[in-house]
Amino acid sequence: MIKFIDPDHPFYRPLWIRLLIIMFCAVWTAVEFYGGQVMWGTIFMVVTAYAGASLLLFYRPKEESQSKGEAAGDTTDGTN
């Protein structure tokens, strides 16, 4: 299934990037409501909630050491 936001992508690893995305969505939601666009404000409120849930509440980063070890073909017993 295709995800709207792929939290496993390395771009989303830093916390400040995830917070910046959520803040941008929240500010855009406020702009739409301030301009009287209730439909677009509601749409962006849902997008903000989805981004917040996927990037903060349910965010579980993959272990970088495991993926690097598997990609390089390293073994734990020392036989390469």
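Contact means heavy atoms within 4.5 Å. Helices (H or I, at least four residues) and strands (E, at least two) are DSSP runs, numbered from the N terminus. In this predicted model, local features need pLDDT of at least 70 and side-chain atom pairs count only at pLDDT 80 or more, while totals for chains, interfaces and linings use all residues. Residues are numbered from 1 along each chain as its sequence is written, and side-chain values use heavy atoms, with hydrogens and water left out. The chain holds three helices and zero strands, in the order α-α-α from the N terminus.

**Burial and contacts across the chain**

- Of the 80 residues in the chain, 22% are buried, where buried means under 20% relative accessible area, exposed over 50% and partly exposed in between (1.4 Å probe, protein chains only).
- Among contacts between residues at least 6 apart in sequence, 53% join residues at least 24 apart.

**Helix α1**

- Helix α1 spans residues 15-34, and its 20 residues reach 28 Å from the first C-alpha to the last.
- That reach is close to the 28 Å expected at 1.5 Å a residue, the expected span being 1.5 Å times one less than the number of residues.
- The buried residues of α1 are I17, R18, I22, C25, T29 and E32.
- They lie on the same side of α1, because they cover an arc of only 135° around the axis; the arc is that of the directions from the helix axis to the C-beta atoms.
- The face turned away from this buried side carries the exposed residues W16, L20, M23, F24 and Y34.
- Helix α2 (38-57) is included in what covers the buried residues of α1.
- After α1 comes G36, which has a positive phi near 85°.

**Helix α2**

- Helix α2 has 20 residues and reaches 26 Å from its first C-alpha to its last, close to the 28 Å expected at 1.5 Å a residue.
- Its buried residues are G41, T48, A51, G52, A53, S54 and L55, and what covers them includes α1.
- W40 belongs to helix α2 and is partly exposed, with a relative accessibility of 41%.
- The C-alpha atoms of W40 and T29 are 7.7 Å apart, although the two residues stand 11 residues apart along the chain.
- L56 is also found in helix α2, and its relative accessible area of 36% makes L56 partly exposed.
- Leaving aside neighbours within four places in sequence, L56 is in contact with L15, R18, L19, I22 and A51.
- The C-alpha atoms of L56 and R18, 38 residues apart along the chain, are separated by 7.5 Å.

**Nonpolar core**

- The largest nonpolar core is made up of five residues: I5, Y12, I22, A51 and L55.
- Such a core is a set of buried Ala, Val, Leu, Ile, Met, Phe, Trp, Tyr and Cys residues joined through side-chain atoms within 4.5 Å.
- In soluble globular proteins, nonpolar side chains tend to be buried together.
- Apart from neighbours within four places in sequence, I5 is in contact with Y12, Y50, A51, S54 and L55.

**Aromatic rings**

- A search of the whole structure finds five aromatic pairs.
- Rings of Phe, Tyr and Trp (its six-membered ring) pair if their centres lie within 6.5 Å; planes under 30 degrees apart count as stacked, over 60 as edge-to-face and the rest as tilted.
- F11 and Y12 form an edge-to-face pair, at 5.4 Å centre to centre and with 80° between the planes.
- Within this pair, F11 is partly exposed at a relative accessible area of 45%, whereas Y12 is buried at 16%.
- F24, W28, W40 and F44 are linked by ring pairs into a cluster.
- The charged end of R18 sits over the ring of Y59, 3.9 Å from its centre; this requires NZ of Lys or CZ of Arg within 6 Å of the ring centre and within 35 degrees of the ring normal.

**Segments outside the helices**

- P10 lies in the segment before α1 and is exposed, at 60% relative accessibility.
- F58 is found in the loop between α2 and α3 (64-72), where F58 is exposed with a relative accessible area of 63%.
- F58 and P7 are 51 residues apart in sequence and 9.1 Å apart in space, C-alpha to C-alpha.
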